[in-house]
Each structure stands twice: as structure tokens, then as C-alpha cells.
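The following report is meant for a reader who is meeting this structure for the first time. Please keep the sequence and the 3D view at hand while reading.

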Amino acid sequence: MIKAILIFNNHGKPRLSKFYEHYTEDTEQQIIRETFHLVSKRDENVCNFLEGGLLIGGSENKLIYRHYATLYFVFCVDSSESELGILDLIQVFVETLDKCFENVCELDLIFHMDKVHNILAEMVMGGMVLETNMSEIITQVEAQTKMEKSEAGIAGAPARAVSAVKNMNLPEMPKNINIGDISIKVPNLPSFK
Amino acid sequence: MTPSVRLQEMIRVIRSARTQGEERGIIQRECADIRAQFRQGDNGERSHSLAKLLYVHMLGYPAHFGQMECVRLIASPRYNEKRMGYLGAMMLLDEKQDASLLITNSIKNDLSHSSQYVQSLALCTLACMGSAEMCRDLASEIERLLRASNSYIKKKATLCAVHIIRKVPELAELFIPSARSLLSEKNHGVLHGAVVLITELCERNPDTLDQFRKAVPELVQIMKGLVTSSYSPEHNVAGISDPFLQVRILRLLRILGHNNDTASDAMNDLLAQVATNTDSSKTAGSAVLYETVLTIMDINSESGLRVLAVNILGRFLLNNDRNIRYISMTSLQKIVQTDHNAVQRHRGTIVDCLKDQDTSVKRRALELSLALVSAVNIRSMMKELLIFLSTCPLELRSQTASGIFNAAERYSPSKRWHIDTILHVLTTAGGDVRDETVPNLIQLISTASELHCYTVHKLYRALVKDISQQSLVQVACWCIGEYGDLLLKGECEEIEPVQVSEDDVLEALETVLQSHMSSPATRGFALTATMKLSTRITDNVDRIRSIVSIYGSCIDLELQQRAVEYNALFKKYDHMRAAVLERMPVIDKNSPGHTNGDTSGEIKEPDTSKPKPVEAGLLSEPVSQVCDLLDLLGGTDTPLQPNPAPTSTSTATSSADLLDLLGGLEPTPVPSVTVYEKNGLSLKMQCDKQTETDITVTLIASNSTQSDITNFTLQAAVPKSVQLQMKAPSGNVIPAHGLGQVTQTILLNNPNKVSLKMRVRVSYSNQGAVHQDTVQIDSFPSPAWNGQPSISPL
């Protein structure tokens with residue numbers, strides 16, 4: 001069972017924290033700090049497995065982590081999970097984020113925390129691995145986003161307009177669309193689809 | 001605007017805060033805003049506020065006032081709000097809050113919603129934070145969904161069922177039929193969930209396990225399909241087709257095949273196929289291979305397969321990727337108990353891993369190395385372990401030290417090697433050893449009597465070099481006190497002779513006494529050692545006197561007490577000083593005085609001034625003289641030799657109570673029991689001088705025939721762990737008509753306290769005929785209660 005999934009940056013600021021076992025708020029913050037201490041001390045070329053810190057279950061639980069640029073992705077698991085499998089799962093998770101956010105970077109995670117949670121909910125449920133097929137996950141996430149948008153009502157008009165423009169096949173696309181205080185980065189689209 | 005935009009605004013503002021205080025201020029304002037929002041009721045902005053609250057919660061600020069809002073949002077008909085509400089419920093609520101019960105009804109309604117996404121939200125939340133009550137209420141709904149046609153929902157319902165079973169194990173039977181039928185699904189997601197569900201069911205209940213054994217052929221089929229299938233882009237990870245599912249199925253097969261021959265047979269081919277065909281160059285392949293190895297080792301597989309598995313592990317050990325090395329050592333740890341020899345072959349590689357830079361790998365290598373130590377490889381392994389101890393990271397030190405001690409105790413080839421090893425550990429890592437080390441080492445040194453000279457020289461040198469390691473200093477002080485005369489003699493064949501003068505020794509002890517680094521216990525050791533030296537040296541007794549009297553006004557109560565008592569020894573009881581400070585007897589490992597002690601040498605102290613073993617009848621005068629002196633001293637005039645004469649060793653250590661000792665001194669007369677009577681020869685046995693482990697048995701032979709018995713010899717045999725020492729008989733001719741007797745004393749030492757039996761063979765000549773007979777004595781009378789020994793003639 002996966003006990004917790006944590007994403008934090010090189011300075012220890014949490015970008016995502018999901019606990020599948022109940023801890024008090026203080027304990028959760030302490031766990032994040034403790035995990036950061038343990039993981040940041042590691043060298044670049046050592047193995048990706050660590051014994052868990054005291055707060056999160058000590059030596060029965062393992063921390064399996066991967067370091068991507070400025071972010072640490074840490075999964076705290078117990079002995080019933082295959083360690084190498086979880087390493088692969090982290091990879092699949094990051095690739096999914098990449099597909100959903102288009103070249104994901106830390107800022108995307110910061111500003112779209114709820115979306116990251118939704119993607120994660122499609123992959124891991126109740127501490128157990130739900131789906132590992134990337135295309136399946138992305139399909140579901142997109143369907144749900146569509147549902148959300150369709151409900152948005154009048155207030156969602158600007159967003160709908162923007163996505164309509166995005167889906168148009170224009171030979172030339174402006175790099176940035178500025179509507180009021182929304183600034184949207186336009187992705188590169190192939191000309192014929 | 002979607003909730004994200006509002007959230008983004010706030011996040012931007014928070015991030016622009018330059019100090020922690022500023023951030024706190026901003027967040028307080030935002031929280032006040034959010035609270036006002038919640039109070040206002042429904043105006044389409046609630047989900048935005050909750051999103052902001054969740055962000056604030058992630059940063060670590062209190063967010064409990066949002067709990068009721070989650071409940072309200074979940075009940076809303078709009079998907080946006082429901083989604084945010086469920087997310088909030090997963091993050092803020094848990095089974096201990098009362099609010100969680102309120103959402104049970106909403107979840108129930110949503111489970112039958114028309115939109116599959118709403119259903120999935122409800123399932124997700126239930127699986128994450130469902131309490132036992134909620135699970136009970138909703139279990140039947142989940143079971144219904146398990147049979148739904150939509151694979152998206154089925155997959156989620158399966159994992160939800162796993163959560164329910166974990167919370168409420170009694171509901172497991174509800175899900176068994178559906179679980180079985182789920183195995184025929186094509187969708188990998190559902191299949192994966194089904195395997196997890198079946199694994200959970202089997203782990204909980206052995207009967208279910210039997211039921212699911214019938215599913216083994218089906219599982220084997222599925223695996224074969226995965227392994228041999230052609231490239232399918234959806235499930236492919238680095239060339240392996242859905243490794244996650246493969247790993248799960250292998251794990252389930254492991255549980256089903258454990259201890260069951262039929263199931264194991266069905267799997268053998270498959271496992272061989274997977275083991276040989278899987279490409280292990282990437283992590284995914286290694287994961288599958290690793291799981292296969294674990295399964296092979298755990299079921300009743302054939303030996304060829306096991307050899308294959310261990311070889312695969314060996315290959316992993318040599319892999320460059322540290323992750324794989326770590327994993328293989330973890331699995332070797334699991335099988336080292338059962339397939340010890342197979343793992344021994346890889347000992348070299350494992351020992352090399354001790355030098356790896358990675359702490360995790362080092363830790364694994366250490367555990368494995370300690371498990372691999374055996375009598376054969378003890379010397380080379382110990383060399384490696386000692387090198388490791390001097391370079392290992394701090395958190396592994398105490399584990400290494402205790403592992404080395406255990407290994408040394410079990411497999412040490414010689415006493416000198418053992419003592420050397422322990423000294424080495426104490427000098428390198430003395431601060432990290434456990435407390436029992438000091439008494440253990442002292443006991444070991446005292447038993448190795450031929451090495452006293454060598455040991456004390458070594459310890460003295462170590463002491464002079466460095467007095468910071470408390471355990472080492474304590475042992476060194478004790479030895480110098482005990483064997484100081486050997487130290488001063490200067491000659492010792494095993495190391496180069498160094499002339500140590502009395503001043504040097506006293507200097508060293510004084511340094512220990514005065515140093516800041518010495519703990520109070522260590523000071524106690526040093527003071528007593530100084531005192532003991534007063535009988536072993538000749539010139540500087542005055543110096544010792546002055547040291548002792550200085551400490552008579554020491555602030556530390558323990559030291560002061562000792563110093564005052566030693567002073568008294570010098571003044572009033574000088575005639576007894578030599579006897580009191582004599583060499584200690586060999587400490588018996590199991591005696592109470594040995595094991596009671598904590599490291600604060602306090603137990604050691606009463607021991608030296610303990611009443612020395614009192615032979616029968618020698619006590620009266622000296623005992624009464626000293627009885628008034630603080631109950632601690634009660635010496636005798638008879639000096640004690642370290643050679644273990646069984647009668648004298650044990651009483652010194654067996655009682656801490658003076659009265660007990662006085663009580664045990666009158667030997668209660670032991671009746672003699674006839675153990676053999678035949679042909680006029682009768683053999684009587686008398687047991688006396690008994691302690692916990694030593695018995696003195698006297699056999700008295702008498703002759704009631706008409707003629708003398710000549711060439712009378714007795715032979716005795718005892719169980720293996722008992723030591724026997726036969727003293728010379730008083731003669732070998734027994735005069736006739738009961739006119740004389742032959743007595744022979746046998747000393748028995750029974751350290752392991754096994755039940756004592758003795759077989760005695762008598763052989764003699766009587767009237768020209770040679771007789772031989774054997775008698776077995778099965779039980780010996782216990783110390784104070786003189787029962788009759790039981791005898792069985794053979």
C-alpha cells in the first residue's frame with residue numbers, strides 16, 4: 001500500500017501532498033519536512049530507495065524517490081509494493097503530467113494544484129495503484145475537464161472562447177492571447193490534423 | 001472563470017511575499033475572506049474558495065473550518081462543486097471527524113448517478129477515507145457496481161472493495177464470487193484491480209486461499225499471454241508488456257503456490273519461461289524478473305528452478321545500477337536462512353558492497369554480511385567488518401559493533417583473537433557499543449588466564465593513548481587493578497617488553513580520575529583499581545593513600561563512599577587489606593552477580609569486598625569482627641586462588657546478601673545413600689558441598705564378604721556438558737567383614753545445569769574371580785532438601 005505521495009522542490013516547499021493514511025495536520029507537515037531532509041542529503045548517483053523516517057513508520061516503510069530538475073517525487077510505500085514497480089509508476093506519473101500540461105514545469109504544478117490532484121486520483125486510489133496506462137488516464141482526465149467546462153456557465157465564456165480558438169486550425173497562431181488579466185500560452189499545433 | 005484562475009491569483013500573491021511573516025499575514029487575510037465566503041451561502045463562488053483553502057492547507061496552515069463546506073459542496077448538483085467538495089473531503093476529513101458521516105448519504109446517491117464521473121468521484125472518496133461505518137453501509141452498492149458493465153467503474157469499484165475489506169474484514173465473503181468472475185476481463189485496469197482484490201482476500205483468510213487455488217491455471221494463462229504477446233503500444237513500458245500487471249500476478253501466484261505442490265507444479269513452466277525470456281536491461285524488466293525470483297524461492301519449486309533464481313540474483317548483484325543491487329541484497333537477505341550455501345557463493349561481492357558510497361546499499365550489505373558469518377570464514381569476514389567499522393556512517397555504527405560482538409562470541413577461533421577483536425572495536429567505536437559489553441569483556445578476560453599479561457599490557461597502552469572511550473577505559477582500569485603486578489613485571493612473551501613503572505601506572509589512573517571526559521562510573525572503576533594496586537605494588541603505597549583520602553571529600557556520593565571505605569581499610573583494617581583486595585575468582589557467566597550488573601561498576605565493587613568463599617567452619621571470628629562495618633566487608637583469612645576449585649568459586653558470586661551467606665555456612669549433614677549392593681559389595685553415595693553448579697560426591701565402598709576385595713576400581717561417566725574430576729581413591733583393597741572402607745571423591749561441575757546422571761562401573765577381584773558391574777544414578781539430591789537419589793541398576 002502506498003502511504004503517501006509527496007512532491008516538493010529543492011528547498012523543501014511542498015507542491016503536492018497526498019496522504020492515504022490519516023495523520024494530523026502538524027504531523028503531515030513534519031513528515032514533509034523530515035522526508036525532505038532525508039531525501040535532499042542523497043547524492044546524485046546513489047540508489048533511489050531509503051528507509052522511511054520515524055514519523056512515517058520507520059524501517060517498515062520505504063521512501064522511493066526520483067529527482068527531476070527542481071522537484072522531488074517521493075512515494076512512501078510499505079513492503080507489499082514492488083520497489084522497482086513504484087519507480088516505474090513515478091515515471092508514468094511524470095509522463096502523464098507532461099502530456100496533460102504540455103512540457104510541464106514546476107509552475108504548472110504550483111498554479112494547477114487541483115488538476116494535479118485529479119490526475120493523481122486517476123492513477124492511485126486509496127493507496128493502491130489504479131491505472132498505469134497513460135492514454136487511458138489522459139482520456140479520462142480530458143473527459144472530466146470537458147464536463148467541468150460545460151457546467152461553467154456564463155462565467156466560463158472567456159475560457160470557452162480561448163479553447164475554441166485553440167482548437168481552430170489556423171495556419172498562423174499568435175504566440176500569446178491576452179484577454180484582460182488572463183494570459184494564455186498557446187501551444188504549438190500541427191497545421192493539419 | 002474556472003476555479004483555477006482565482007486560485008492562481010491568490011497563489012501569485014502568496015508567492016510574492018518576501019518573508020514568512022508577510023506570507024502569514026496574506027494567508028490570514030485570505031482565510032478571513034474564505035470564511036466570509038462560506039457564510040454567505042451559495043453564489044457560485046464556493047468551489048473557488050474551497051480550492052484556495054486546500055492550497056493553504058497544503059502549505060500547512062489550519063483549515064478545519066472548511067469541513068462543513070465540503071459536505072455542502074458534495075451535495076450540490078453541479079459537477080464542478082461536487083468535484084471540489086470531494087477533493088476537500090479527501091484532504092480535510094477523516095474517519096475521526098463527525099462530518100465524515102454526513103457525506104455517507106451523498107456518496108450513496110452519487111454511486112447511482114447517471115454520470116460515470118460522478119460515480120467515480122464517490123468511489124474515489126470512499127476508497128480514500130471511508131470509515132468502517134461508511135463501508136458497512138455502502139458495501140452492497142459497491143458489490144453491485146462490481147458487476148456493472150462499464151470497465152471504468154468496475155476498476156474503481158474493485159479497489160474500493162479492497163479498502164472495504166481492509167476496514168471491515170467480515171465483509172470479505174461478499175466479494176468473493178464477483179472477484180472470481182473478474183478474472184476473465186480483458187481490460188488491464190480491471191484485471192489489475194481484480195488481482196489486487198484476490199490477493200487481499202487470500203491474505204486475510206486461508207479458506208479463501210484454498211478456493212482461489214483453482215484459479216491458478218487461469219492466471220498462468222493470462223501471464224503467458226502477457227509474456228509472449230506482440231508489441232502493444234498501450235501497455236508497453238520499455239519493451240515489457242504491462243509490467244505492473246505481470247508483477248501483481250506473480251505476487252498472487254506466490255501466495256497461492258506457497259506450501260502447495262499442485263499449484264506450484266502448475267506454475268513451474270511459466271516461471272521458467274518468464275525468467276529466461278525477460279529482458280532485464282531496463283528497470284521494468286528487472287522488476288518482473290525480481291518478482292519471479294521471489295516467487296520461485298517462496299513456492300515448492302524444483303531445484304533446477306531455484307538454482308536459476310539464485311543465479312539471477314547473483315547477476316543482479318553485479319549490475320551497475322545501484323537500485324538493482326539494493327533490491328537483490330534485500331531478497332538475498334530473505335533467502336539466506338533457507339539457502340545459506342547458495343548465498344555464500346556471492347559473499348565476495350556482498351563484502352565489496354560494504355565499500356559502496358551509498359548508505360542504503362551499505363546498510364543492506366552489512367545485514368547480509370553479518371548473516372553470512374560462519375565458523376569457516378570468521379577471520380576474513382571480521383577483518384572486513386573491522387575495516388568497515390572505522391569508515392562506516394554514524395547511524396550504522398552501533399549495529400555494526402553489536403553484530404561484530406555477536407559473531408565473535410559465536411565463532412571466535414581463539415580467546416586471544418576474541419579479546420583482540422573486542423579491543424579493536426572498543427578503540428574504534430567505543431562510544432557506540434551496548435552497555436553489557438563491559439561486564440562481558442571483563443568476564444571473558446578473567447577466564448582467559450593465560451592471556452592476563454598480554455591483555456593488561458595492551459589495555460594499558462590503549463589507556464595511555466586515549467581516555468575518551470568510556471567502555472575501553474572502564475575495562476582497562478579493571479584489568480590494571482586486577483593484574484597490575486603482571487603489568488609491572490614487564491615481561492610478556494607475546495608483545496615487545498616495555499618497562500612500566502609504578503609511577504606510570506598510577507599516573508595513568510590519576511589522569512582518568514581527574515579527567516572531564518570520565519563518567520562517574522569510570523571514575524569509580526579507576527578509584528577501585530588504584531586501591532587494588534596498593535597490595536600489588538611496593539613503593540608508592542603512600543601515593544595511593546593520598547589519592548584515596550582526597551576523594552574522601554569528593555562531591556560525587558559514590559566516589560566519596562568508596563574513598564571513605566578504602567581509607568578505613570588503610571587505617572583500621574590494614575591487616576585485612578591484602579585478603580580483601582586479592583585477585584577475583586573467575587566470574588561465572590550465569591551467576592546473578594554477573595548478570596545483575598549495569599555498567600556503573602557498582603556491582604563490581606561490592607564483589608571485590610564481598611565475603612570470600614567461606615569454607616565450613618572458618619567464619620566465626622573474622623565475620624563477627626567486621627559485621628559492624630557497613631555490611632559490606634566480611635573477609636576471611638584464607639586467600640583465594642583463581643584456579644577454579646569447584647567448592648570455592650561459586651559462593652563468592654552467588655549471594656549479595658550477607659545473611660544468606662552466613663546461613664549457608666553450616667553444612668547440613670548429608671545422609672549417605674546406598675546406590676549399589678551386590679555380592680557383598682556395597683557402594684554408598686554422599687553428596688555434599690553443593691552449589692548451583694558444583695557437587696562433591698563421595699563414594700564409599702564397603703565389603704561384607706568373607707574375603708578381601710582387591711583391585712577395586714571405580715570408573716564414572718557423566719553427561720557431556722558436565723565436568724568430572726575424580727580424586728584418588730583412598731585405596732583399592734576393601735577388607736572383609738566390613739572392617740574398612742574405600743572412599744573416592746568425585747567433583748562434578750555442571751555449568752549448564754543439565755539434569756545430572758552418573759554411570760559408575762565397579763570392577764574388582766574377589767576370591768580369585770573378576771567382577772564388573774555398572775550402576776546408573778539418575779538423580780542427585782538438591783542442595784538443601786536432601787532427597788534420596790534415584791538409582792537404576794543396569
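The accessible surface of chain B comes to about 34800 Å², and 50% of that surface belongs to carbon and sulfur atoms; such areas come from the Shrake-Rupley method with a 1.4 Å probe, and for residues only the protein chains shown count as cover. The model is a predicted one, in which local features need pLDDT of at least 70 and side-chain atom pairs count only at pLDDT 80 or more, while totals for chains, interfaces and linings use all residues. Residues are numbered from 1 along each chain as its sequence is written, chains are lettered from A and ligands numbered from 1 in the order in which they are written, and side-chain values use heavy atoms, with hydrogens and water left out.

Chain B has 794 residues, of which 56% count as buried, a term that stands for under 20% relative accessible area, with exposed meaning over 50% and partly exposed lying in between (1.4 Å probe, protein chains only). The chain holds 37 helices and 11 strands, which are DSSP runs numbered from the N terminus (helices H or I, at least four residues; strands E, at least two). Among the contacts in chain B with a separation of 6 or more, 65% are between residues 24 or more positions apart, where contact means heavy atoms within 4.5 Å.

Five of the strands of chain B form an open sheet with antiparallel pairing, in the order β3-β4-β5-β8-β7. Because β3 and β7 of chain B stand at the edges with a single partner strand each, one side of each is left without a neighbour in the sheet. From one strand to the next the twist averages 20°, an angle between N-to-C directions, on a scale from 0 to 180 degrees, of axes fitted as lines to C-alpha atoms.

| Strand pair (chain B) | Bridges | Opposite residues |
|---|---|---|
| β3 (673–678) and β4 (681–688) | five | B:Glu677 and B:Ser682 |
| β4 and β5 (694–703) | eight | B:Ser682 and B:Ser702 |
| β7 and β8 (741–749) | four | B:Met726 and B:Ile746 |

In the hairpin of β3(B) and β4(B), two residues lie between the strands, and B:Asn679 takes a positive phi near 50°.

B:Glu482 lies in helix α27 of chain B, residues 470–489, and counts as buried at 1% relative accessibility. Leaving aside neighbours within four places in sequence, B:Glu482 is in contact with B:Lys532, B:Arg536, B:Glu582, B:Arg583 and B:Met584.

Chain B also meets chain A, in a contact that takes 73 residues from chain B and 60 residues from chain A. Between them the two chains bury about 6100 Å², 56% of it on carbon and sulfur atoms; buried area is the accessible area (1.4 Å probe) that two parts lose on being put together, summed over both. B:Met58, B:Arg83 and B:Phe244 supply 12% of the area that chain B buries against chain A, more than any other three residues.

Terms used:
Two strands pair if DSSP finds at least two bridges between them.
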